[in-house]
Every structure is written in structure tokens, then in C-alpha cells.
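Please view the sequence and structure below first.

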Amino acid sequence: MIDLHAHTNCSDGKDTPTELVANAKAQGVSVLAITDHDTTIGWDEAIVAAGSQGIGLVPGIEVSTRALTPEGRGVSVHMLAYLPDPNNLALSEALEMTRESRILRAKEMVRRLAEDYPISWELVLEQLPKGSTIGRPALADALVSAGVVPDRSSAFESMLHRNSRYYVSEKTLETAKAISLIHGAGGVAIMAHPLIDFPGSLKDLPIAHFESLIAAGLDGFEVDHRSVPKFAKPRLRDLALKHNLIVTGSSDYHGVGGKENLLGENQTSQEMLDRIIDQASGVEAFL
Ligand code: AMP
Ligand code: ZN
Ligand code: FE
Ligand code: FE
């Protein structure tokens, strides 16, 4: 059972890296990737935990990026980076800029929310360990702890969604730039949940958008993920086949109370994991 997309409390997951690995082991996962948003700080702890639990670990990152589609729509794209060198300067500096921007953005959202709800920056900081990548889930957790909403999902539905008046966007890397930074660090770039920022009414793949990212070096698509609509899965597989790209499947687990996604609910084949490992030159997988 190979699950290549999971979060810890180094970003917006609920488990520590050690807890994540123990939970993965308990669910029967044999190879797990840790893919926190825009950070590698959880890797070392996860590697040690995987060693003692006897499961495989693939160090990764979920890199926040943005792209302009050929139709001129700005979309957020999450790029999974597998096995990049965490000490690569260009990549680590770019990630640091994203994390800084996420802090400024979160502070502005808190300022707006605080006009209507009993939340503060201090309360938000209490929700996650120091140094973790901050995202809207930390704001959601603060709203939960203030008794404003019962859970993260309600916070997203009522005040943290994209069209909310409290919403502020963060500055992230341009997608093509992120792909080249990931490659420069020896990593493999797989687009996470490829349709997440497209309308639910979508009937066809945004093919020109995907093909322009393939031209920019994209290595594959996360096809099996609960946020990928059913119609899109065979089409994404066909597109991947046409361009000889990797396809993966993963949970995007965020812990209990993080998101409903369960470890191992989607999986990647051994063949595709082998291709990722063959293509990568940044760090070794711990298998
Ligand atoms: P941000 O990184 O600030 O853009 O926040 C996006 C993160 O929030 C994603 O990684 C999602 O996993 C998480 N998220 C989005 N919607 C929900 C939801 N309804 N419930 C819990 N987490 C969510
Ligand atoms: Zn997340
Ligand atoms: Fe994501
Ligand atoms: Fe994720």
C-alpha cells in the first residue's frame, strides 16, 4: 500500500511526523510520502519514525503555485515535489518566500476576521507548532477554539472560502517556475489533485493549461484523489500515457479533525513509485 501525499502539523495536518508514520503503519501503508505545504522541516522526524516502524518513507513537499490558464484565468496549482534536495538554495529560498507571504496573508485575514469574531493572531499561533507553515486551517482551528464554528469544514464554508470577504491570497511561485526549481533540486514534479481549482460543473479537462505545464516539464498527475471528479480520471490517464507521464494516487491525509481523507484511501502503484525514484536525484527514498 503506497500513499504519497500526507500532511503533518509541520503544516496543516493534525499529527506530528511521528504520529503520522505510526498511523500510516497501523492502516497498513507500506510506503508513505510526507508532503507538507512549502516546507521540509518534518522530514527528519518522519525518516526516523519510518525507520523504527519499518515502513518506507519518501520525503516530499506540496509546493503552492499559481498559473494563468491560456484562457486567462488565474488558478492555484499544488505541485507535489518528490525527493528534492532540501538543501538546494534556489528551492529552499523560494519556499521560504512563500511561507513569509503565507504569514502576512494570514495576519491580514485575522485582522479582517477579528472585526467580527473573537479571534487574534496569538490564538492562531497557539494552533500550530512554531516554524510550521501557516494556512487557512490554522485560522479555522482558532475559530473552532473560540467556539465560533464546530469544525474546520464549517469555517471554510462560512468564512475562509475564496470568495469570502475575509479571504486574502498569498504570493506563490508561478507553476512553471516551481517545476524548474523542483527539477533543479533533483525532484520530481507531480500535479496534486489537478482539478481542485476548477468549477465542479467542468465537463472537459483544461487541456491547453495542462499541456502548457507538460511543456514546462511537469512529470505527472495525481489521478486517484478524492477531489478528482470521476469523468476526469480516464482522461488524465490518457493524457499521461500520451506524454509518457507518471500517474499517482494518494490520500492527502491531514489527520483526524484535519480533513476526512483517510490514509491509504487512494494508492500509487509500485511501478509508478519506481519511476519517481528512477527520475529523482535530490535525496534517496528511505525504503
Ligand atoms: P491554504 O493553504 O491557506 O490555501 O489552505 C488550503 C488548505 O486548507 C488545503 O491544504 C486543504 O487541505 C485545507 N482545506 C480546504 N478546505 C477544507 C475544508 N473544507 N476542511 C478542512 N480543510 C480544508
Ligand atoms: Zn493542506
Ligand atoms: Fe493540496
Ligand atoms: Fe495536500
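Which elements of the protein chain have the lowest and the highest mean pLDDT? Helix α6 (residues 152–160) has the lowest, at 97. Strand β6 (residues 188–191) has the highest, at 99. The model is predicted. The protein chain averages a pLDDT of 97, and 100% of the residues score at least 70.

| Metal | Donors | Distances | Spacing |
|---|---|---|---|
| zinc ion (ligand 2) | D12 (OD), D12 (OD), H37 (NE2), H254 (NE2) | 2.0 to 2.7 Å | D-x24-H-x216-H |
| iron ion (ligand 3) | E62 (OE), H78 (ND1), H193 (NE2) | 2.1 to 2.2 Å | E-x15-H-x114-H |

D12 lies in the loop between β1 (2–3) and α1 (17–26), and H37 in strand β2 (residues 31–37), so the pair ties together parts that are 25 residues apart in sequence. D12 and H37 are both buried.

Now the iron ion (ligand 3). Its protein donors are E62 through OE, H78 through ND1 and H193 through NE2. H78 sits in strand β4 (residues 74–82). H193 sits in the loop between β6 and α8 (207–215). This pair links distant parts of the chain, 115 residues apart. H78 and H193 are buried.

How far apart are the zinc ion (ligand 2) and the iron ion (ligand 3)? The separation is 5.4 Å.

Methods: Residues are numbered from 1 along each chain as its sequence is written. Chains are lettered from A and ligands numbered from 1 in the order in which they are written. This is a predicted model: local features need pLDDT of at least 70, side-chain atom pairs count only at pLDDT 80 or more; totals for chains, interfaces and linings use all residues. Side-chain values use heavy atoms; hydrogens and water are left out. Donors are N, O and S atoms within 2.8 Å of the metal (3.2 Å for Na, K and Ca); water is not among the atoms, so sites may look incomplete. Helices (H or I, at least four residues) and strands (E, at least two) are DSSP runs, numbered from the N terminus. Buried means under 20% relative accessible area, exposed over 50%, partly exposed in between (1.4 Å probe, protein chains only). pLDDT is the predictor's confidence in each residue, from 0 to 100.
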